[in-house]
Amino acid sequence: MTTVDTTELSTADLLRSGGYRTLPRWTPWASGAGSLAVAYAALLLAGTPTVVSVVALAAALHLVGLTTASRVLEGPRRCADRLATTLVTFAFALALVPLVSLLWTVGSRGAALFSVEFLTTDMVGVFGDMTSGGVAHAIVGTLMVTVTATVISVPVGLLTAIYLVEYGRGAVARAITFLVDVMTGIPSIVAGLFAFALFTLVMGPAYRSGLMGAVALAVLMTPVVIRSVEEMLRLVPDELREASYALGVPKWLTVVKVVLRTSVAGIVTGVMLAVARVIGETAPLLITVGIVTRTSWDVVEGRMATLPVFAYNQYHQGGVGVDRAWAAALTLILVVMLLNLVARAISRAFAPRTHR
């Protein structure tokens with residue numbers, strides 16, 4: 001009778017020879033369910049169980065039980081793989097906790113006043129604890145200011161990233177990279193004070209407009225756009241550039257037709273990350289744009305309402321204003337979600353077609 005030397009064989013050889021067995025695919029699910037049941041029963045006998053204590057104890061039992069069973073039945077290599085998979089899954093679930101909690105809190109509390117009327121009316125003629133009024137003027141202001149900031153920052157960021165990747169060399173490129181890194185860490189209030197000081201010197205101390213707020217947001221957006229676009233451009237293979245040069249295409253046309261065309265999906269994603277970075281900023285808009293109760297479409301002159309400032313102002317008032325603030329926060333989340341869906345559609349429409 002021959003014996004199998006498990007020290008000289010790989011895991012695949014051991015599985016074929018019968019040295020190790022493989023756990024069924026449903027084992028992690030069964031282990032998780034069993035761990036929850038055991039944890040709940042144990043904590044119920046010890047006292048009043050809570051959700052956090054049950055989940056924590058169940059996670060520990062699941063980790064120990066599944067790892068032990070895998071070590072005995074599947075061997076050390078598969079055991080290490082299952083342990084790493086379980087730890088990554090736990091980390092992912094832990095990262096989802098604040099996101100789910102945020103969405104649940106905003107959704108549940110914002111649903112009290114969220115309605116079609118809330119989205120289509122403004123605050124003109126609303127006083128005290130009246131439950132009427134809405135965020136139509138704030139939605140318009142947010143979109144106008146954000147679009148203006150995007151128009152300002154995206155060309156600057158795109159051209160800067162192209163220069164750093166395709167043309168920039170030496171001290172100038174290093175200086176630009178250093179300044180971009182510094183701008184990335186600028187607090188939002190500093191950007192607001194910069195825009196406030198700039199327009200005060202040029203237009204006077206009484207000037208307020210959506211353009212002032214857009215400039216403040218553009219200061220925050222530009223380094224994010226530069227960094228994201230720069231990384232997308234660096235991902236384009238050099239073989240594509242060299243093939244274009246070999247056909248006699250000039251460098252500027254190669255950048256436009258090949259490099260940008262190949263990385264357009266990533267560029268759009270980077271721009272949306274920059275928009276999401278600034279669309280909820282309150283401090284710079286509070287000192288540059290202010291708040292009004294009516295809808296304003298003029299970005300160049302006069303104050304405008306924005307969703308972050310509206311939510312802050314209503315929460316500060318208290319009473320029914322707190323409900324309006326939560327409903328405005330829910331509206332802001334939905335606006336960001338809608339913009340992301342539009343960006344995905346645009347990137348998919350303009351992405352290069354691949355045929356296999």
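## A glycine after helix α8

Helices here (H or I, at least four residues) and strands (E, at least two) are DSSP runs, numbered from the N terminus. The model is predicted, so local features need pLDDT of at least 70 and side-chain atom pairs count only at pLDDT 80 or more, while totals for chains, interfaces and linings use all residues. Residues are numbered from 1 along each chain as its sequence is written, and side-chain values use heavy atoms, with hydrogens and water left out.

## Helix α8

Helix α8 comprises 16 residues, 188–203. From its first C-alpha to its last it reaches 22 Å, close to the 22 Å expected at 1.5 Å a residue; the expected span is 1.5 Å times one less than the number of residues. Its buried residues are S188, A191, G192, A195 and F199. Buried means under 20% relative accessible area, exposed over 50%, and partly exposed in between (1.4 Å probe, protein chains only).

Viewed down the axis of α8, the buried residues fall within an arc of 100 degrees, so they line one face of the helix. The arc is that of the directions from the helix axis to the C-beta atoms. These buried residues pack against α9 and α13 (283–288), where contact means heavy atoms within 4.5 Å.

A214 counts as buried because its relative accessibility is 0%. T222 is buried, with a relative accessible area of 11%. Neighbours within four places in sequence being left aside, A214 is in contact with V145, T148 and A149, and T222 with S153, V156 and G157. A214 and T200 are 14 residues apart in sequence, and their C-alpha atoms are 15 Å apart in space.

T148 lies in helix α6, which covers residues 136–167 and also holds H137. At 18% relative accessibility, T148 counts as buried. Beyond neighbours within four places in sequence, T148 is in contact with L211, A214 and V299. The C-alpha atoms of T148 and A218 are 8.5 Å apart, although 70 residues separate the two in sequence. H137 is buried, with a relative accessible area of 1%. With the same exclusion of neighbours within four places, the contacts of H137 are T121, D122, M123, V292, T293, R294, T295, A305 and F310.

## Helix α3

Helix α3 (residues 51–73) has 23 residues, which should span 33 Å at 1.5 Å a residue; its end C-alpha atoms are 32 Å apart, in agreement with that value. The buried residues of α3 are V54, A58, H62, L66, T67 and S70. What covers them includes α2 (27–46) and α4 (76–110). Just after α3, G75 takes a positive phi of about 100 degrees.

## Annotated regions

The unreviewed UniProt entry assigns "domain: ABC transmembrane type-1" to residues 139–343. UniProt positions are given in the numbering used here, feature names are shortened, and annotations may be inferred rather than shown by experiment. In the model, residues 139–343 are 79% helix and 0% strand, and the end C-alpha atoms of the span lie 19 Å apart.

Under "transmembrane region", the unreviewed UniProt entry lists residues 51–73, 85–106, 135–164, 176–200, 206–226, 258–279 and 325–346. Residues 51–73 are 100% helix and 0% strand in the model. Residues 135–164 are 97% helix and 0% strand, with end C-alpha atoms 42 Å apart.

## The chain as a whole

The protein has 15 helices and zero strands. Its radius of gyration is 28 Å, whereas a compact globule of 356 residues would have one near 21 Å; this radius is taken over C-alpha atoms, and the globule rule is 2.2 Å times the number of residues to the power 0.38. Along the principal axes, the C-alpha trace spans about 95 × 70 × 40 Å.

Of the 356 residues, 37% count as buried. Among contacts between residues at least 6 apart in sequence, 71% join residues at least 24 apart. The protein exposes about 20,300 Å², of which carbon and sulfur atoms supply 70%. Accessible areas come from the Shrake-Rupley method with a 1.4 Å probe; for residues, only the protein chains shown count as cover.
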